[in-house]
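I opened my notebook to record what I looked up in this model.

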Amino acid sequence: MTAIAPTRVTSLPEPSGRRAGLRGELASEWTKLRTVRSTWICLAIIVVAGVGLSALVLSIEAGRWVHLAADERALFDPVRSSQTGLFLAEFVVGVLGALVVTSEYGTGAMRTTLASVPRRTSVLIAKLLVVGAVVLVVAEVTAFASFFVGQAVLLGQGGTSLPAGSTLIDQVHAANVPVYGIGHPGALRAVFFGGLYLVLLAFLACAIGFILRHTAGSISTYVGVLLVLPLIVSILPSSFANSFEKYLPSNLGLGMTAVTTRTTDFAGILLTPWVAAGVLAAYAAAASLLAGWLLVRRDA
Amino acid sequence: MCRPVGRSGLLGSIHAEPRALPVISAVGLSKSYGSTRAVDELSFEVRSGVVTGFLGPNGSGKSTTMRMVMGLDRPTAGSVTINGVGYHDLRWPLREVGALLEAKAVHPGRSAYAHLLSLAQTNAIPRSRVDDVLAMVGLEGVSRRKAGKFSLGMSQRLGIASALLGDPGVLLFDEPINGLDPEGILWVRNLLKSLAAEGRTVFVSSHLMSEMAQTATDLVVIGRGRLISDTSVENFIASNTESTVLVRTPETERLQGVLAAAGLRVAPGADGGLVVTGATAVQVGEAAHAASVMLHELSPQQASLEEVFMDMTSDMVDYHGLTPDAPVDGAPAGAPSGAGAEVGR
């Protein structure tokens, strides 16, 4: 009876905190996100594509101003047009959001993650928060850069600010393409919502990743929702499609980035900015709840 | 000083009694996928201080069981606890249980260091420990390289490093020697033994009986998800091996008659020898001597662990190869392994 095991001396200091949970998992997710090259490539594409496409679109619109018909002039929104690049960047955001989850399922690393933090909802929340925070910073930088670069492009092509109190009629009759300052009513909100649109989509992509657990499947589903769904809806009879067209995520993005005073032009086509943001947030929340429910229930 | 509940419990029990209480305890553990029962009413115990081998053919439910121990898969029935609590109730799981489940379960674009750091952060393990475990497994020189560029052997080492990260009292390894070169296999063997010698609980799955014979003290053997045996390696061999004696003589037919007359079970063996089952060499030698039969060889045979294991699980393997399973020339189950010493006249 001498087989008493020697006492092990552990070199590890005591953990502070009660148990492995959200705090450590947040740090871990940030480490994982910043230590793969694909993250930085995605973020760089978001900025470059976002700002670049916006500048290109505004440059074309400014050059065509004199040829535009009255209704096209009336619908022109220099703020929303400056956010056009976000509709290219949104696909990269989807790839980023999905990969954060599905790359772990693809390699089996998700098992290691869930074994480190058995409270699985902490894993979901940490991934959403870290991806959301990173996309928020980059998307807002992109949105504001797009706005300022875009307005500079308009100015460079002879654009002028309409005097305060100008009406839609004034815009239609304006000799030069109109330019808005960030102080224009609704402009700041519209630009901020441009970035927020990408954050909500990142949540959606992340949740789809948890639901489908497969990279190709998740990204195609995400692209399908943003790109293919509107195509299908556009084929449907307009009397039928008009009632829910405005609830499509891409149209919610258009609604979110419109300047408030101009949304009435889109009555029936787009939701007002705050309602659009709320609906998209509800989509992201619903997908995240489903993702969390499945994550807790399913085998890893 | 308040140690995590599980660990202090483990060490406490070691001091209280030399023969430690079971650390991992499975009771009626079952897992079904549709109508397939991957794990069927499995009950076993794993104690600390020794290496316990978890043995079964491929597809017998070892990995599924490991995942249930880790709280990754939910049992259809039954339960498994570590130091008396379910995995989900461990407060700092990596500091109590370390596991190597899949060697390649790392983002191929992430460095070994970043991978381990991300794990350490989840359980408040200091950054310095990452360098320590990298040095322990011999990966310190390549810690900044992408894990996707690692060989299978290096990936196994990284997996072992992640298991050791929290300096846990319980270690689970799923097929840790897969893909390792002979040097690596020896390293893992010694590592497992030394971890156990430090008082840790070491539970290692393998489909190679010979490997477990060299490493493990205790054995949990399963086939088709069912428990076949839960005992020590020694007991397992003793109770599952029927000793045979190989005997050679120029007068084969006469000796066969003599031995049969003495009530021994005898059958023709390979190369004209005779195989006597259920008798000692002494009995065979005395019987031959009494009948004045000259012997050229008289050697006791011990079936190797591999043979015992193959024999026990042969009807438990789901996917047989195309090799004909008929025994050659009526040889006993498995060829004799002990090189028989020549016996003079």
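**B:Lys146**

I then found B:Lys146 in the loop between helix H5 (127-136) and helix H6 of chain B. Helices (H or I, at least four residues) and strands (E, at least two) are DSSP runs, numbered from the N terminus.

Which residues does B:Lys146 contact, leaving aside its neighbours within four places in sequence? I listed A:Arg37, B:Pro108, B:Gly109, B:Arg110 and B:Ser111. Contact means heavy atoms within 4.5 Å. B:Gly109 is 37 residues from B:Lys146 along the chain, yet their C-alpha atoms are separated by 5.3 Å.

**B:Arg254**

Next I looked up B:Arg254, in helix H10 (residues 252-261) of chain B. B:Arg254 has a relative accessible area of 39%, so it is partly exposed. Not counting residues up to four places away in sequence, B:Arg254 touches B:Ala291, B:Ser292 and B:Val293. From B:Arg254 to B:Ala291 I noted 37 residues in sequence and 9.2 Å in space, C-alpha to C-alpha.

**Ground rules**

I number residues from 1 along each chain as its sequence is written, and I letter chains from A and number ligands from 1 in the order in which they are written. The model is predicted, so local features need pLDDT of at least 70 and side-chain atom pairs count only at pLDDT 80 or more, while totals for chains, interfaces and linings use all residues; side-chain values use heavy atoms, with hydrogens and water left out.

**Cavities**

Rolling a probe the size of a water molecule over the atoms shows where empty space is left. On a 1 Å grid over the protein atoms alone, a cavity is a set of points where a 1.4 Å probe fits but cannot get out, and lining residues have an atom within 4 Å of a point. Grid points are joined across faces, edges and corners, and a volume is the space filled by probe spheres set on the points.

How many cavities of 30 Å³ or more are there in the whole structure? I found five. The largest cavity holds about 190 Å³ of space. Its lining has 20 residues, and A:Thr112, B:Ala99, B:Leu100, B:Leu101 and B:Ser162 lie nearest its centre. Helix H6 (109-116) of chain A gives two or more residues to this lining, as do strand S5 (97-100), helix H4 (112-122) and helix H6 (152-164) of chain B. S5(B) gives the most, with four residues. By class, I noted 13 nonpolar, five polar and two charged residues in the lining of the largest cavity. Nonpolar covers Ala, Val, Leu, Ile, Met, Phe, Trp, Tyr, Cys and Pro; charged covers Asp, Glu, Lys and Arg; the others, Gly among them, are polar.

The second largest cavity has about 90 Å³ of space. It is lined by 16 residues, with A:Lys32, A:Thr113, B:His115, B:Ser118 and B:Leu119 closest to its centre. Helix H1 (22-34) and H6 of chain A, together with H4 of chain B, each give two or more residues to this lining. The lining of the second largest cavity has four nonpolar, eight polar and four charged residues.

**The two chains**

Chain A has 13 helices and zero strands. Of its 300 residues, 51% count as buried. Chain B has twelve helices and 13 strands. Of the 345 residues of chain B, 52% count as buried.

**Confidence**

I checked pLDDT last; it is the predictor's confidence in each residue, from 0 to 100. Chain A averages 90, and 93% of the residues score at least 70. Over residues 1-7 of chain A the pLDDT is below 50. Chain B has a mean pLDDT of 84, and 84% of its residues reach 70 or more.

Definitions and conventions
1 Å grid on protein atoms, 1.4 Å probe; cavity = no way out; pocket = protein on both sides within 12 Å on 5 of 7 lines; lining within 4 Å. Buried < 20%, exposed > 50% of the residue type's maximum accessible area, 1.4 Å probe, protein only.
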